[in-house]
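Please look at the sequence and the structure below before reading on.

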Amino acid sequence: MTAPAPHHAPAPHSYVSPIPVRRANLGDALASEWTKIRSVRSTLWTLGVMILLMLVIGLGVAAIAASSEAPMGDESALGFGFFGMLPASICVITLGVLTIASEYGTGMIRTTLTACPSRARVLTAKAIVFFLLVFTVTTVVAAIVGAGQVALVDTAASPSASDWLRATVGAGAYLAMLGLLSLALGTLIRHSAGAITVMIGLLLLPLVAALFMFSEALKSVQEWLFTYAIPSQMISLYAAQPPFGENGPSGWEPLLIMTGVAGVALAGAFALLNNRDV
Amino acid sequence: MIELEGLTKRFGAKTAVDHLSFQVRPGVITGFLGPNGAGKSTTMRMMLDLDNPTSGTVRIDGKHYRELDEPLKYIGALLDAKAMHGGRSAYNNLLCLAQSNRIPERRVGEVLDMVGLTPVAKKKSKGFSLGMGQRLGIASALLGDPEILMFDEPVNGLDPEGIHWIRNLMKALAAEGRTIFVSSHLMSEMALTADHLIVIGQGKLLADTSMADFIQQNSRSYVRLRSPQQERLRDVLHANGFIAVEAGSGSLEVDGTTTEKLGELAAEHAIVLHELSSQRASLEEAFMQMTAGAVEYHAHGTDVHGGAPAPGPQWGKTSQGA
């Protein structure tokens with residue numbers, strides 16, 4: 001047994017970090033989150049697959065339409081972008097959930113929150129970095145796909161400036177908002193697989209359920225689901241005319257709806273994250 | 001300086017931490033000891049504001065953790081070696097932490113060098129061994145060159161070389177005037193590193209004492225005797241008021257005396273001795289007795305305490321031991 005040193009009094013001096021301390025702000029958290037999102041392979045994979053799906057399906061469907069030479073009335077070729085956007089949204093959902101839930105899965109969240117005890121700041125930084133990344137990538141890819149579609153299909157009406165804006169910036173913002181909803185859900189559920197499953201269910205199940213609502217009694221529910229299910233909202237975003245009649249969403253309304261839903265979910269995520277044990 | 005005041009944490013009906021109050025002073029290594037499930041990790045998580053206390057407060061240099069501007073520059077913590085994203089390289093894991101506290105990027109290289117991980121800096125931390133993961137966790141704790149360091153079970157799963165390295169690191173850090181707070185469930189480890197000791201069991205404070213006092217109070221010293229004339233030796237001891245207890249392999253143990261006294265006594269009666277030695281009960285044993293009443297999960301069928309009655313919680317502070 002070693003003889004213990006007779007320590008009783010505290011040391012006369014205490015150590016002070018030589019690195020100057022300033023007030024950390026959102027900018028520091030943003031830099032940190034940007035490093036995080038760009039340094040894991042899942043970001044590369046999900047966004048890579050998303051780009052591929054948008055390009056291959058969007059242009060593939062347009063090529064098929066071009067070969068059929070059927071008239072398209074006053075719809076533009078940009079609407080074919082929807083078929084790439086739907087599977088792309090699954091990639092965005094995955095990335096959105098992983099942005100936070102992977103931290104819970106690995107235990108990194110504890111390290112993150114000891115480094116930045118302001119939980120609101122951490123979530124805000126994650127949301128901003130994720131939103132800008134997804135918005136930029138999808139908008140650029142949607143623009144490329146749109147240009148290809150319009151060039152391929154010459155039987156369609158030529159899109160107006162507002163059609164272009166909705167099919168690019170609108171689609172990008174819609175997907176990014178859907179991703180923010182996923183991020184919020186990932187924060188609430190704290191489990192990657194669980195949150196992704198819930199999000200994919202939310203994406204697809206209402207429409208599938210509506211397909212089988214044969215009963216007259218459920219007619220109104222079925223109609224509502226057909227009109228407001230996420231894929232329906234996406235189609236509405238592309239369409240020149242409201243596809244579900246005057247009552248359904250049209251123009252920029254789908255984006256407003258998704259922004260509202262994501263906003264509510266994020267508010268819940270902020271509240272819970274702030275009060276919960278990690 | 002870390003101050004805990006009446007810190008309490010309940011999970012439903014179970015009280016994990018029960019009105020814990022103590023101080024962790026700078027310049028010394030404070031060992032935080034308790035059996036598994038005693039509430040050590042919960043206490044440490046509350047100190048870092050990860051868990052909300054049911055009641056009570058923790059102050060770090062007088063401030064609540066959330067009030068610290070750039071906390072990594074005050075306090076570095078190793079909670080769980082695997083609390084990193086495995087898909088990210090060691091360098092990037094540290095870089096994102098550095099950026100959140102405006103720590104210059106060159107510091108990342110410095111701490112990696114300090115813990116000897118420079119050759120694997122660009123490798124994903126997923127492939128790291130337990131020891132390497134532990135070193136990475138320590139690197140993250142040192143990142144802000146903080147005044148306070150907290151390590152939760154830092155030697156768990158390390159090889160002897162790694163254990164030696166951590167011990168020396170902690171001593172060097174304390175010598176620079178830093179506050180070191182280290183938890184363990186191994187008394188022997190604490191005896192080698194800690195200057196001050198805080199023992200908890202079932203969330204309650206059992207002892208808050210200097211290591212020296214703890215050793216003095218809790219290590220029973222006794223004399224062991226072995227003789228070919230054991231019967232006679234026993235009679236002589238008895239006649240002189242010593243209580244000899246038979247121990248294994250034909251030896252006798254006598255409490256509360258010295259080798260000198262017993263040697264002279266044996267010489268007086270011309271008894272041949274094959275062994276006359278001074279013994280100390282291990283601190284591990286003392287620790288186990290202290291926490292016997294507060295062990296969360298007992299293994300059945302193995303009576304490690306040799307049938308000694310479980311002492312009350314104030315045992316280590318007042319009584320003179322067995």
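In what order do the four strands of the open sheet in chain B stand, and is their pairing parallel or antiparallel? The order is β11-β12-β10-β13 of chain B, and the pairing is antiparallel. This is a predicted model, in which local features need pLDDT of at least 70 and side-chain atom pairs count only at pLDDT 80 or more, whereas totals for chains, interfaces and linings use all residues. Residues are numbered from 1 along each chain as its sequence is written, and chains are lettered from A and ligands numbered from 1 in the order in which they are written.

Helices (H or I, at least four residues) and strands (E, at least two) are DSSP runs numbered from the N terminus, and two strands pair if DSSP finds at least two bridges between them. In this four-stranded sheet the edges are formed by β11 (244–247) and β13 (275–280) of chain B, each of which pairs on one side only. From one strand to the next the twist averages 30°, where axes are lines fitted to C-alpha atoms, for helices over the stretch in contact, and angles run from 0 to 180 degrees between N-to-C directions. The antiparallel pairing of β11(B) with strand β12 (residues 251–255) of chain B runs over four bridges; A244(B) stands opposite V254(B), and A247(B) stands opposite S251(B). These two strands form a hairpin with three residues between them, and in its turn S249(B) has a positive phi of about 50°. Helix α9 (residues 259–268) of chain B lies across β10 (221–226), β12 and β13 of chain B, and runs at about 160° to β13(B).

Chain B also holds an open sheet of three strands, in the order β2-β1-β4 and with antiparallel pairing. Here β2 and β4 (55–60) of chain B stand at the edges with a single partner strand each, so one side of each is left without a neighbour in the sheet. Neighbouring strands of this sheet are turned against each other by 20° on average, direction ignored. Strand β1 (residues 2–11) of chain B pairs with β4(B) in the antiparallel sense over five bridges, and the bridge partner of E5(B) in β4(B) is T57(B). Packed on this sheet is helix α1 (residues 40–47) of chain B, which touches β1, β2 and β4 of chain B and whose direction makes about 120° with that of β1(B).

Most residues other than glycine have a negative phi. H19(B), which lies in strand β2 (residues 14–24) of chain B, instead has a positive phi near 45°. H19(B) counts as partly exposed because it has 15 C-beta neighbours inside 10 Å; a residue is buried if 20 or more other C-beta atoms lie within 10 Å of its own, exposed if 12 or fewer, and partly exposed in between, with C-beta atoms placed from the backbone. Phi is also positive, near 50°, at D145(B), a residue in the loop between α4 (130–142) and β6 (148–152) of chain B.

The domain assignment, which is automatic or taken from a database, divides chain B into domain 1 (2–216) and domain 2 (221–280).

What are the residues with the most contacts inside the largest nonpolar core? They are Y174(A), M177(A), L94(B) and A139(B), in a core of 147 residues; such a core is a set of buried Ala, Val, Leu, Ile, Met, Phe, Trp, Tyr and Cys residues joined through C-beta atoms within 7 Å. Helix α6 (residues 161–189) of chain A provides the largest share of this core, 15 residues. A second, separate core of eight residues includes V223(B), L233(B), L237(B) and A244(B).

Finally, the contact between the chains takes 43 residues from chain A and 55 residues from chain B, two residues being in contact if their C-beta atoms, placed from the backbone, lie within 7 Å. On the side of chain A that touches chain B, α1 (26–38), α2 (41–68), α3 (81–106) and α4 (108–115) of chain A each supply at least two residues.
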